[in-house]
Amino acid sequence: MDCAENSTEIVDDDSAAVLFRDGGRFWIHRGLQPLFCVVGLVGNLLTVVVLTRPRMRSSTNTYLAALALSDIAYLVTTWILTAEHYPDNKGSEYFWLWRHWGCLLWLHDAFMGISVWLTAAFTFERYIAVCHPLRGRVFCTESRARRFIVTIYILCLLLTSTTPFEWSVEEKDGVVCKKMTPLGLDPMYRTVFYWSWATLFVFVPLIVISIFNTFLIEAVHRSKRQRSGLTQQVEPRDCANSSRQRQENKITTTLIAVVILFIICQTPAAVMLVVYLFYNPDKNSPSGAIMLGLGNIFNFLTTVNASSNFLLYCVMSDKYRRTLLLTFCPCLATRHQRSHTFTSYYASHHNSSVRFNSPNTLNT
């Protein structure tokens, strides 16, 4: 692709399609995208620190820490790639960017795929732990999780490793242009790569994630129904089991929220990928401009997904919040712990009094 082909200008620059495309491009790539990248980088770095603390070690948290690392790499490459949409970016001072353009695209795509498959992996792992607890004791271990994570990283990097060879760069009269190589323009290669990407990194993982997340939601609802039927039992062993079950449900609910956010943010881009299979208009047409504008919005949603898991952990996981405070704000953590202990004691004392005065107790 030469410099002229990089342009997507339409004859009527005042058309609604052009305004939609260019307006979205400006606000997303020069406003929202950098903001969410900064927030996501800070949040994911904190997540890596918190989830690797000794008190947080588990197979599930091993997957989540690896997901945070992958999201960090994805956000960094996303932020750098937004330079394509900045003005005056064709000068020789940007030669370093265009020279490494293919590698940046490779890492961007690879870490997107890694995040997708890590999400599928911990969803399946949590399904085993919740729905098949005996097998989970053997399958859901930290060492096995680390092996799966390394395998996912290696395979995703290898499966996308041809991307750098699709692009080359040249400089003419002080103007730098990136263009596609013969490999990138080869119809057979483009067809195979497109279908492989769509199958391996979109359709299959989304189906896997949706199926096992449905099982997890049903398991949590079933557990809550069973626990509500045992509220009148007062044996200490039953109370301890109920407490452990509540903690397991909290973990599972947090992961379900992570997966639901993933599905919401990733599905529009997957739908757009399917649309392009049957309808791929010229970029210089109004329809092409609308498609590009929608593509910018849907790609931004994937950035939102990579930036937001930290917020879900803070909102939904007490243990994550306590560990975060203990790690970075010990004084606040001590105050929070005292308040939590007092509240727990009051609730326990109140519930014990209620059970003692219950009709069943009075009749015995």
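This is a predicted model: local features need pLDDT of at least 70, side-chain atom pairs count only at pLDDT 80 or more; totals for chains, interfaces and linings use all residues.
Residues are numbered from 1 along each chain as its sequence is written, and side-chain values use heavy atoms, with hydrogens and water left out.

View 1. Asn 296 counts as buried because its relative accessibility is 10%, the class being defined as under 20% relative accessible area with a 1.4 Å probe and protein chains only, against over 50% for exposed and in between for partly exposed. Leaving aside residues up to four places away in sequence, Asn 296 touches Arg 21, Arg 25, Ile 28 and His 29, a contact meaning heavy atoms within 4.5 Å.

**View 2. The largest cavity and its lining.** The search of the whole structure finds one cavity of 30 Å³ or more, and the volume of the largest cavity is about 130 Å³. A cavity is a set of points on a 1 Å grid over the protein atoms alone where a 1.4 Å probe fits but cannot get out, and lining residues have an atom within 4 Å of a point; grid points are joined across faces, edges and corners, and a volume is the space filled by probe spheres set on the points. Of the 14 lining residues, Asp 71, Ser 115, Gln 266, Asn 305 and Ala 306 lie nearest the centre. Helices α3 (59-81), α5 (101-131), α10 (236-278) and α11 (286-316) each contribute at least two residues to this lining.

**View 3. Arg 144 in helix α7.** With a relative accessibility of 27%, Arg 144 counts as partly exposed. Arg 144 touches Val 138 and Phe 139, not counting residues up to four places away in sequence, while its C-alpha atom is separated by 8.0 Å from that of Ser 59, 85 residues apart along the chain. Among the elements of the chain, helix α7 (residues 142-159) has the highest mean pLDDT (94) and helix α14 (residues 359-362) the lowest (37), pLDDT being the predictor's confidence in each residue, from 0 to 100.

**View 4. Two cysteines, Cys 37 and Cys 156.** Cys 37 counts as buried at 0% relative accessibility, as does Cys 156 at 3%. The structure holds zero disulfides, a disulfide being a pair of cysteine sulfur atoms within 2.5 Å.

Methods. On a 1 Å grid over the protein atoms alone, a cavity is a set of points where a 1.4 Å probe fits but cannot get out, and a pocket is an open set with protein on both sides within 12 Å along at least five of seven lines; lining residues have an atom within 4 Å of a point. Helices (H or I, at least four residues) and strands (E, at least two) are DSSP runs, numbered from the N terminus.
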